Amino acid sequence: MDLTTFLFYVLAALTGFSAIGVVVTQNIVRAAAWLLFALAGTAGIFFLLGADFVGATQLLVYVGGTLVLVVFGVMLTAQGPFINLRISAIEWAVAAGVGLVLFGVLAVAVWPATTPVYWTDKDAHRDLASSAILGESLLGIEKATPWWRARHYSDPAPRPGSRERKDITALSVNGIDRPRTRVAYLLPFEIVSVHLLVVLIGAAYLARAKRRRTDVEQLS
Amino acid sequence: MVDLLKWIGLPPFIAEALSPIIQVALLVGFVLVSAIYFIWLERKVAGRIQDRLGPTRVGGKFGWLQTIADGIKLLVKEDLIPADADHMLFRLGPYIAFCGSFGAFIALPFADGWAARVLSISVFFMLAVMSSEVFGIILAGYGSGSKWALFGGMREAAQMVSYEVPMAVCVLVPVIVAGSMDLNYIANQQNGGFWNWYLFHDPFTFGAFWTYFTCATASCKRAPFDLAEAESELVAGFHTEYSGLRWSFFFMAEYASMFAVSGIATLLFLGGWNTGLTPALSHVFSHPLESGFDIGALFGNLINVAVFIVKSWLLVFVMMWVRWTLPRLRIDQVMMTCLKYLLPISCVLLLGVSVWQVLVPTALEVWVRVIFAAACLLIVLWTGFKIVSTPSMLPTPSVPAFAAAAKRDQ
C-alpha cells in the first residue's frame, strides 16, 4: 500500500463517516457541521487526484458559500420542532432503501473504470495546469477535447471498460477516419449560471417579509 | 527541501518522506512564533500610539516575555463551557477557525520555489482555504448559547463573507497582469529593480493594492471592522464565552490570517521576496557544487525569505497602526463600505487593468512604471525626511495651565 492509497482511505473514511453523521444526528445545526467535514473530505479527494483547481473551487463555493448559506438559514429559522429531529422507523426504512438503490446505481456506473490514474511522477503532479485545461475546454479548443469525447454522432457507442488513453491528435482509429467535433462548455455553463440566478431571485421573492394586514388594522 | 536533505546525505526515500514533515513543522513554528511576536508588537504599538509605553515589566525594559506570561495565564485558566452551549460545536469552533487560517500557508511561497506545495493556482487556493474560517466563527457564535455571541457571530460571518468578493476581484488584477495564479511565478515577474513591482505597474494595480489591503483588513476582522471584539456593543462578540486556550486559538487564527493576507499582498504587489535593489539573489549567489546542489542559491533564498518576512511584517504593522488610529465602524457602515464602495471600485479596477493590458503599448507602459516608481520613492523619502526633521515641541504657552507651569519652572 503506498501513500496515495493510504491517504485515499483516510479521506474516504472521513467523508463517509461525516456523511453518516449528517444523516444520523438529531440536532440540525450539528448536521450542518458534519456536512462541513463531508464537503472538506471531498475537496481533499480532489486535491489527492491532482485537480487543485476543482478542489479549491469546491472549498470556495461549497464550504465558503453554500454551507454558510445553509447554516444561516438553518440557525436563524430553527424553531422548536426542527432543532431535535425525531425520525420514525418507517422513514428510516424508506431512506435506507432509497440510499441502497442509489448506491447500487452509482457502483454499477463507476465499476468498469478499472484503470486507476495515479500520479506517480512528482513533476507531472506539480505541472498539472488544471485551470488552463479547464479554460480551454470551456472555449472548445480542439486539443483539450479528449478523443473519446469528440465523436461523430453516427459512431458506435464504446464498450464499457474500453477507455484506453490514446494520443489525442490521432485522426484515425482502427483505420477509420474519425471526424472530430469540438465541445465548448461555455454556453451550458452560462445557461446554468443564469438558471441559478433565477432560482435565487425566486427564492428571495418567496421569502420576502410579507406585510401583516391584521396588525395594521388593529392599530388603526 | 528534498534536495537539501539529499545533499546532507539522507537516502532519497527518507528525504522525500521527511521533507513534508519538516516543512509543516517549520510553518507551524513560524506561525506560532509570529503570533507571539505580533501580540507583543500590538501592545507596544497600541501603547505608543496612545502616548504610553505598553508592557515594560516582564522580561526587561521592553517587556519581551509579556506574551509568554500571557500564554501561561491562558493555559492555566479554568476551561468553562456555559450550560446552554452546544458542547460539540463550542469545542469545534476554534479548531476550524485555526485550520482555515493555517491551511493557507501550504501554498504561500517564502522564496523562489520555497513553498510547502508549489501550486499553479496558489492564490486561488489560499483564498478558498481562508474562506472556510467563516464556519468556525459561525459555530462559535451559535454554539456559545449566548445572545451576544450569536449576534456577534452572525455579523462577523456576514462581514467576512461579503468582503471576500471585492478581495477576490482585487486579487484578480495582478493575476491578469501576470497571466498566472501561481504566486511563485507572479513574484518572479517582479524581480530586478523596485520599478518592476506590480504596485507601480499601472494606476489600476496601484488602486488594487489599497483596495485589497482594506478588504483584507476587514476579512481579518481587524479594526476599523472589528465588531467581533466590540466591547462597547456586544461584550465580545462571538468569543464572549471563550476563555483560556480556546480564546487564544481564535487569536492565533487571527494573527495567522493577518500574516497570510499580508504575504499575499507582498507577493502580488510589493515584489515578494525580491529586494527591489538587486537582481534575483538566488542567481547572483549561484554556486553549484560537484554534487549538483547549489549552495549559493540556498544562501540567496535564505536572504529572500528574510526580505519576504520583513515586508509582510511591515504590512501587519500597518494593520495594527490603523487599528489603534481609526474609530470602529457600525455594522451598516461596514456592509455599505463593502457593497456600495469597494465592490464597484474593484470592478472598475478589473476593467481598467484588462483595458490597460490590451491597449497600452509596451514603451508607454515602461515609462509609466518608472515614473510612477520614482514619484512614489520621492514621496516616501520626503515623508521620512519630514518625520525625522520636525522637532518635537513642548506644549505651547497658549494653554493657561502650561503657561503657569512653564513660568514656575523658569
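Reply: pLDDT is the predictor's confidence in each residue, from 0 to 100. You'll want that here, as this is a predicted model. For chain A the mean pLDDT is 74, and 63% of its residues reach 70 or more.

Among the elements of chain A, helix α2 (residues 28-48) has the highest mean pLDDT, 92, while helix α6 (residues 122-126) has the lowest, 44. Two stretches call for some caution. Over residues 118-128 of chain A, pLDDT stays under 50, and the model has seven contacts beyond four places in sequence for them. Residues 147-155 of chain A also stay under 50, and there the model has 13 such contacts.

Now for the layout. Chain A has nine helices and two strands.

How does the chain pack? Of the 220 residues of chain A, 13% count as buried. If you take the contacts in chain A with a separation of 6 or more, 64% come from residues 24 or more positions apart.

Chain A also has a place in the largest nonpolar core, which has 122 residues: A:L67 is one of those with the most contacts inside it, along with B:M126, B:Y212, B:A260 and B:A265. The most residues in this core, 16, come from helix α11 (residues 245-269) of chain B.

Technical notes: Residues numbered from 1 in each chain as written. Chains lettered and ligands numbered in written order. Predicted model: local features only at pLDDT ≥ 70, side-chain atom pairs only at ≥ 80, totals over all residues. Helix = DSSP H or I, 4+ residues; strand = E, 2+ residues; numbered from the N terminus. Contact = placed C-beta atoms within 7 Å. Buried ≥ 20, exposed ≤ 12 C-beta atoms within 10 Å, placed from the backbone. Core = buried A, V, L, I, M, F, W, Y, C linked by C-beta atoms within 7 Å.
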